[in-house]
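Hi all, thanks for making time for this one.

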Amino acid sequence: MEGNNLEKTLQEGNLFRQLNCLIVAHLRHHNLTQAARAVASATMTPLDVEAPPNKLLELVAKGIAVEKDETLRGVLSSTLFDLGTALGYGLNPDPRVSSVDFSAVQDTKGSSKSFPKHETRHLSEHKNIARCARFSPDGKFVATGSADTSIKLFEISKIKQMMLPDSKEGPVRPVIRTFYDHVQPINDLDFHPQSTVLISGAKDNTIKFFDFSKATAKRAFRVIQDTHNVRSVSFHPSGDFLLAAHLYDVNTFQCYLSANTPEIGVNGAINQVRYSSTGGMYVTASKDGAIRLWDGVSASCVRAIADAHGTAEATSACFTKDQRFVLSCGKDSAVKLWEIGTGRLVKQYLGATRMQFRCQAVFNDTEEFVLSIDEPSNEIVIWDALTADKVAKWPSNHIGAPRWIEHSPTEAAFISCGTDRSVRFWKENL
């Protein structure tokens with residue numbers, strides 16, 4: 001009995017040591033040196049202890065997800081969302097391996113990778129400009145939003161079936177849902193990380209919730225009335241919160257804060273907001289040309305890159321998977337990679353012009369390539385993410401330059417949306 005107690009005590013002690021190491025490393029990686037020193041001193045932990053960046057956040061996020069999953073199993077009937085198990089939603093496939101470390105290689109000249117050839121297909125047309133698109137986290141669905149106020153939901157497996165050269169099952173309709181509930185153009189979309197819920201932000205100052213597990217549902221089952229044009233929306237990885245210009249609790253719809261704090265001027269309206277993979281941070285791209293990084297818990301601005309895109313609008317910003325860098329795009333025609341810890345400009349992806357539309361730049365699913373639009377030539381431009389060399393330029397096949405490009409999180413496939421009202425799907429030639 002005493003042996004068991006001793007073993008338990010030793011295990012607990014080892015766990016505490018690991019936890020203290022992670023806390024000290026986490027504080028140090030986020031430049032909270034004074035707090036790191038205090039914890040290190042109080043717990044007798046080396047200040048220079050090594051741990052992967054954001055390891056503590058990742059473990060906490062996984063723990064919350066497991067705890068939430070166990071809770072959901074017991075109370076599915078009383079939760080806000082139907083998990084849509086019939087659709088198999090939220091069961092993420094294993095991602096393709098990403099091996100890019102932007103901080104490891106300095107001299108990369110002549111080592112650019114070739115971007116694989118893709119085939120493309122016209123999927124559908126809205127009745128007005130197709131303004132935005134978003135893939136579900138599991139890569140099984142993609143939604144598009146339009147100036148005609150409608151939202152179309154596509155099933156990726158049906159798109160692929162439609163693209164087969166000799167489909168024996170007759171015409172395939174990849175659009176599985178169409179939602180009509182806004183009265184102004186759609187600006188942005190996002191999928192709940194676990195549930196069959198799609199949200200939209202629009203110029204009518206609303207965020208709307210659609211349950212896409214129900215085939216007959218055309219209208220939103222919940223609405224958040226905001227005070228301003230909702231330019232962007234982003235779910236927290238837990239699914240419990242969402243960001244627009246404000247932070248909302250998804251379960252109570254309580255509004256917590258405004259991301260437009262007083263020190264941000266009148267031109268600081270947010271064009272895009274995106275959470276990091278663990279929700280520990282979020283990033284905003286603003287009309288004043290700034291990129292701002294925010295603490296995901298306290299919602300305080302931890303770093304502002306005021307002139308990220310000069311006086312031109314910053315139109316998009318997103319984190320790398322390891323949360324150490326942010327990729328931004330602006331109407332100054334620049335795509336830039338920033339180191340979060342220092343605010344240092346690491347790379348620039350040049351040679352494509354974007355001055356008219358609120359376009360974005362995105363990584364492919366492995367983060368080996370960056371994709372964006374060249375408006376004058378009406379082309380999709382691809383750079384090697386590590387060398388910043390332009391490795392491909394493809395005709396967009398839209399009439400007029402695309403408004404939006406969005407890459408699948410799970411495979412070599414992306415969507416382009418056009419001023420010509422059309423939606424195109426691109427996938428690697430196999």
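Let me start with a quick one: where is the place of alanine 388? Alanine 388 is in the loop between strand E24 (379–384) and strand E25 (390–395). Helices here are DSSP runs of H or I with at least four residues, strands are runs of E with at least two, and both are numbered from the N terminus. And alanine 388 has a phi near 65°, a positive value in a residue other than glycine.

Before going on, the housekeeping. This is a predicted model, with local features needing pLDDT of at least 70, side-chain atom pairs counting only at pLDDT 80 or more, and totals for chains, interfaces and linings using all residues. Residues are numbered from 1 along each chain as its sequence is written, and side-chain values use heavy atoms, with hydrogens and water left out.

Now the overview. We've got 4 helices and 28 strands. The protein has 430 residues, and 53% of them count as buried. Buried means under 20% relative accessible area, exposed means over 50%, and partly exposed is in between, using a 1.4 Å probe and protein chains only. On contacts, meaning heavy atoms within 4.5 Å: take the pairs at least 6 apart in sequence, and 53% of those contacts join residues at least 24 apart.

For the 319–348 span, the model gives 0% helix and 53% strand, with the end C-alpha atoms 15 Å apart.

Inside that span there's serine 333, in the loop between strand E19 (325–330) and strand E20 (335–339). Serine 333 also has a positive phi, near 70°, in a residue other than glycine. Its relative accessible area is 13%, so serine 333 is buried.

Another loop serine is serine 232, between strand E9 (222–225) and strand E10 (234–235). Serine 232 is buried too, at 4% relative accessibility. What does serine 232 touch, not counting residues up to four places away in sequence? The answer is Asp188, Leu243, Ala244, Asn271, Gln272, Val273 and Arg274. There's also a C-alpha separation of 9.5 Å between serine 232 and isoleucine 207, which sit 25 residues apart along the chain.

On to helix H4, residues 156–163, where the buried residues are Ile156, Ile159, Met162 and Met163. Looking down the axis of H4, those buried residues fall within an arc of 115°, so they line one face of the helix. That arc is taken over the directions from the helix axis to the C-beta atoms. The buried residues of H4 pack against strands E1 (118–125), E2 (130–135), E3 (141–146), E4 (150–155) and E28 (422–428).

Asparagine 31 lies in the loop between H1 and H2, and at 46% relative accessibility it counts as partly exposed. Leaving aside neighbours within four places in sequence, asparagine 31 is in contact with Arg303 and Gly341. From asparagine 31 to glycine 341 is 310 residues in sequence, yet 7.2 Å in space, C-alpha to C-alpha.

Leucine 59, in helix H3, is partly exposed at 41%. Leucine 59 and threonine 278 are 219 residues apart in sequence and 9.1 Å apart in space, C-alpha to C-alpha.

A cavity is a set of points on a 1 Å grid over the protein atoms alone where a 1.4 Å probe fits but cannot get out, and lining residues have an atom within 4 Å of a point. Grid points are joined across faces, edges and corners, and the volume is the space filled by probe spheres set on the points. How many cavities of 30 Å³ or more does that give? The count is 1, and the largest cavity has a volume of about 30 Å³.

Its lining is Leu22, Ala25, His26, His29, Ala51, Pro52, Asn54, Lys55 and Leu56. Helix H1 (2–29) and helix H3 (55–74) are the elements giving two or more residues to that lining, and H1 gives the most, with 4 residues.

Notes:
On a 1 Å grid over the protein atoms alone, a cavity is a set of points where a 1.4 Å probe fits but cannot get out, and a pocket is an open set with protein on both sides within 12 Å along at least five of seven lines; lining residues have an atom within 4 Å of a point.
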